[in-house]
Amino acid sequence: MSKLPRISVILMAVVAVATGALACRDTTTPRQSSNGGIPRPSFTLAAGFTSTLIGRGNLGTFHIQSKAGDYDAELKSHDNTDIAVANVVVTPGGHSGWHYHPGPVLVVVKTGTITFYMGDDPTCSPQFPPAGTTFIENGGMVGIARNEGTVDATVVATFFVPAGSPTRIDAAAPGNCAF
């Protein structure tokens, strides 16, 4: 075999490898990623907000009627229900992030002041339950709790939720509040 055919075979092999390598190279121009018109979620993560579970248990379905003298109270659930109790500390400037609960929450404000905003309030008017007061968050109601004061705010929250469900579900900012 002469040197010329051997060189042409080697040269053709080099050209074939180079052509293959160039053919596999990405020559597209980078573009901004597309979300296909789907808006990004606007969830807000909690900041300066610590919830510590004190206890959780299952009560099942229940109908409690309690009368003691002139006092008359009634609680009931037709569904299998867990009850969870948590101690929550919110540092000054901290907040819960926008969220909702799958059932009602009874909240006792122990110290400081929590400022609560509800997503269904078109004016986004703050509510200021101070220490020693209570408030109720209805299940499914989107809201955010903020500590706009200068001292820690602490609350005890009692959650009534479907058995096995989380006590809190993050939600998108409703758009009616400027923060």
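A residue is called buried under 20% relative accessible area, exposed over 50%, and partly exposed in between (1.4 Å probe, protein chains only). The model is predicted, so local features need pLDDT of at least 70 and side-chain atom pairs count only at pLDDT 80 or more, while totals for chains, interfaces and linings use all residues. Residues are numbered from 1 along each chain as its sequence is written, and side-chain values use heavy atoms, with hydrogens and water left out.

**Overall layout**

The protein has 1 helix and 9 strands, in the order α-β-β-β-β-β-β-β-β-β from the N terminus. Helices (H or I, at least four residues) and strands (E, at least two) are DSSP runs, numbered from the N terminus. Of the 179 residues, 26% are buried. The accessible surface is about 11700 Å², and carbon and sulfur atoms hold 61% of that area; such areas come from the Shrake-Rupley method with a 1.4 Å probe, and for residues only the protein chains shown count as cover. Contact means heavy atoms within 4.5 Å. Among contacts with a separation of 6 or more, 80% join residues 24 or more positions apart.

**Surface**

Leu-75 belongs to strand E2 (residues 71-95) and is partly exposed, with a relative accessible area of 44%. Together with Leu-59 and Ile-64, Leu-75 makes a nonpolar surface patch of about 250 Å². Patches consist of residues with over 30% relative accessible area and no salt bridge, like charges being joined within 9 Å and nonpolar side chains (Val, Leu, Ile, Met, Phe, Trp, Tyr) within 5 Å. A salt bridge is a side-chain nitrogen of Lys or Arg within 4 Å of a carboxyl oxygen of Asp or Glu.

Asp-152 sits in the loop between strand E7 (143-146) and E8 and is partly exposed at 38% relative accessibility. Its C-alpha atom is 7.1 Å from that of Thr-111, a residue 41 residues away along the chain. Leaving out residues up to four places away in sequence, the contacts of Asp-152 include Val-89, Pro-92, Thr-111 and Asn-147.

**Nonpolar cores**

A nonpolar core is a set of buried Ala, Val, Leu, Ile, Met, Phe, Trp, Tyr and Cys residues joined through side-chain atoms within 4.5 Å. The largest one has 18 residues, and Val-107, Ile-114, Phe-116, Val-155 and Phe-159 touch the most other members. Two or more residues each come from E2, strand E4 (105-111), strand E5 (115-118) and strand E8 (153-162). E8 gives the largest share, 5 residues. A second, separate core of 5 residues includes Trp-98, Tyr-117, Cys-124 and Ile-144.

**Aromatic pairs**

Rings of Phe, Tyr and Trp (its six-membered ring) pair if their centres lie within 6.5 Å; planes under 30 degrees apart count as stacked, over 60 as edge-to-face and the rest as tilted. By this rule there are 2 aromatic pairs.

| Pair | Centre to centre | Angle between planes |
|---|---|---|
| Phe-62 and Phe-160 | 6.5 Å | 45 degrees |
| Phe-116 and Phe-135 | 5.5 Å | 45 degrees |

Phe-62 lies in strand E1 (residues 47-68) and Phe-160 in strand E8, so this pair ties together parts 98 residues apart in sequence. Phe-62 is buried at 11% relative accessible area, and Phe-160 is buried at 16%. In the other pair, Phe-116 is in strand E5 and Phe-135 in strand E6 (residues 134-137), so parts 19 residues apart in sequence are tied together. Both Phe-116 and Phe-135 are buried.
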